[in-house]
Amino acid sequence: MGKTGRTLDMVDLPGRTARRRRRARINSWIGRLITAGIAVTTAVFAVIGAVRLVSDQGNLAAYDKAPYCAAQAVQTQTCVLRTTADIGYVYASKNTGKNAHGYTTKAYVYPVTGHGETVTLSSSQDLTDSVYDGDTLPVLVWRDQITRFTFHGSTHDADENPHHIVLDDVSQVALCLIAASLFGRSLIRRLLHDRVAINLRRNRIPDWTLVVLALGTTLAAIVRASYAVTALGLAGVAVLALSAAWPFVPWVATYSEQQPFVVGSRANARAVRKRTQARPGRLP
């Protein structure tokens, strides 16, 4: 009975191996699809952020140069209005992650002139016991959006402040470019590994180019050099997209004495020779 069971297991072994290989291929393709989805999504967001950054930087320049409006002004397209805003309602939510010990308190406010919006009163404390519906806050309004507000003697930038928007844009471009480069370039190298193996050094050129562009974009984002972030971000996405065709460029796909030349078949042959030499007289 035992021998019969072992015999059946041995007979079924090829089928198990085939199923495992099939499952491994399926999992590999699922992983590639997920990687491709992340790479494409982050690349698209990097482009969107870079294009939007140009417009937002122009708005920032106009905001910094805008004078204060006259008292009781009704339009805020070309000037910044000092006015007040009433608090409609206040709510607090428990923080998560590294700030899980605190609460974020937000309030919906609507100014005398301009559009109502939600502002963050505190990102660490629950202030619902000290702020009430109907309280008034001094605010600045530009183009009908609240840009700054004063709360408990401190001035804070609102979410619609052009400085805050530009900071979000440069952060988005830098982070999305890094993610797109990591996921996209690794996927391209995996899919074209036979082509990449023909000339390893020349196929590292897109990798180093992306590293330089990603670092340059990050540094430009830190110093808030908006136009540099836009140029470097778009250049990085372009290099990433064009790197899929890089292994097919004749200069890259041609063997050179100064470059390593390792194709898949030769690498396999070399491994076979090593095994044969280790076990003389036996075929691999």
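Modeller: Before we start, one cut-off: buried means under 20% relative accessible area, exposed means over 50%, and partly exposed is in between. Keep in mind that this is a predicted model.

Biologist: Fine. So is Arg52 buried, exposed or partly exposed?

Modeller: Partly exposed, because its relative accessibility is 35%, which falls between the two cut-offs.

Biologist: Which side chain does Arg52 meet in a salt bridge?

Modeller: That of Asp169, with 3.3 Å from N to O. Arg52 sits in helix H1, residues 2–65, and Asp169 in helix H2, residues 162–191. The two are 117 residues apart, so the pair links distant parts of the chain.

Biologist: And Asp169, buried or exposed?

Modeller: Buried, as its relative accessible area is 3%.

Biologist: How many salt bridges does the structure hold?

Modeller: There are 4. One of them joins Asp207 to Arg185, where the closest N and O atoms are 2.5 Å apart. Asp207 lies in helix H4, residues 205–222, and Arg185 lies in helix H2, so this pair ties together parts that are 22 residues apart in sequence.

Biologist: What other salt bridge does Asp207 form?

Modeller: One with Arg189, with the closest N and O atoms 2.6 Å apart.

Biologist: Why does Asp207 count as buried at 19%?

Modeller: Because the cut-off for buried is under 20%, and Asp207 has 19%.

Biologist: Changing topic: cysteines. Which ones form a disulfide?

Modeller: Cys69 and Cys79, with their sulfur atoms 1.8 Å apart. Both are in the loop between H1 and strand S1, which spans 80–94, and they are 10 residues apart. The structure holds 1 disulfide.

Biologist: Remind me what kind of bond a disulfide is?

Modeller: A covalent one, between the sulfur atoms of two cysteines.

Biologist: What is the handedness of the one here, and why?

Modeller: Right-handed, because the torsion about the S-S bond of Cys69 and Cys79 is about 100°.

Biologist: Are those two cysteines buried or exposed?

Modeller: Cys69 and Cys79 are both buried.

Biologist: And Cys176, buried or exposed?

Modeller: Cys176 is buried too, with a relative accessible area of 13%.

Technical notes. Residues are numbered from 1 along each chain as its sequence is written. This is a predicted model: local features need pLDDT of at least 70, side-chain atom pairs count only at pLDDT 80 or more; totals for chains, interfaces and linings use all residues. Side-chain values use heavy atoms; hydrogens and water are left out. Helices (H or I, at least four residues) and strands (E, at least two) are DSSP runs, numbered from the N terminus. Buried means under 20% relative accessible area, exposed over 50%, partly exposed in between (1.4 Å probe, protein chains only). A disulfide is a pair of cysteine sulfur atoms within 2.5 Å.
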